[in-house]
Amino acid sequence: EKLLKSCTDDDLVRYLGGVTKEPASFFTLCKSLFGSRVAEHALSCVAARVGRNPPEALLEKLAAPLQAVSDAIAGAAVDAAYDPRVSPVARKFLSVLSGRECAPSAKAPVQGE
């Protein structure tokens with residue numbers, strides 16, 4: 001978990017790509033205590049780096065891994081809902097998609113709003 005905070009964008013994308021390489025890999029990872037915590041933290045890192053105005057280049061890099069995470073969670077949605085380790089990861093993923101969890105600077109009010 002601690003290493004994810006200091007990794008580069010490319011390292012984060014590479015990690016997400018690795019844990020989603022096989023269709024069932026991400027869901028299996030999330031079923032373990034350690035794996036679910038790391039997956040949840042990785043998604044928090046994505047949210048923090050994307051923020052309110054994400055760089056287009058970063059979004060392009062994250063598109064395939066995040067699609068794979070989405071496919072893994074959607075493919076096992078009922079199981080994810082009832083699994084005490086997977087459901088927090090699924091909720092974190094939905095918060096990333098909704099934009100409700102952002103970097104602290106992104107939470108600051110935008111002038112003119």
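Q: What's the average pLDDT of the protein?
A: This is a predicted model, and the protein averages a pLDDT of 85, with 88% of the residues scoring at least 70.

Q: Which elements have the lowest and highest mean pLDDT?
A: Helix α8 (residues 104-107) is the lowest at 46, while helix α2 (residues 9-19) is the highest at 94.

Q: And where does pLDDT stay under 50?
A: Over residues 102-111. The model has ten contacts beyond four places in sequence for that stretch.

Q: OK, switching to the fold. How many helices and strands?
A: Eight helices and zero strands.

Q: What about contacts between residues at least 6 apart in sequence?
A: 73% of those join residues at least 24 apart.

Q: Now the core. How many residues are in the largest nonpolar one?
A: It has 30 residues, and those with the most contacts inside it are Leu-4, Leu-12, Phe-26, Val-46 and Leu-62. Helices α2, α3, α4, α5 and α7 each supply at least two residues of this core.

Q: Which helix gives the most to it?
A: α4, with eight residues.

Q: What does Phe-26 touch, leaving out residues up to four places away in sequence?
A: Val-19, Thr-20, Ala-39, Val-69, Ala-72, Ile-73 and Val-89.

Definitions and conventions:
Residues numbered from 1 in each chain as written. Predicted model: local features only at pLDDT ≥ 70, side-chain atom pairs only at ≥ 80, totals over all residues. Heavy atoms only, no water. pLDDT = per-residue confidence, 0-100. Helix = DSSP H or I, 4+ residues; strand = E, 2+ residues; numbered from the N terminus. Contact = heavy atoms within 4.5 Å. Core = buried A, V, L, I, M, F, W, Y, C linked by side-chain atoms within 4.5 Å. Buried < 20%, exposed > 50% of the residue type's maximum accessible area, 1.4 Å probe, protein only.
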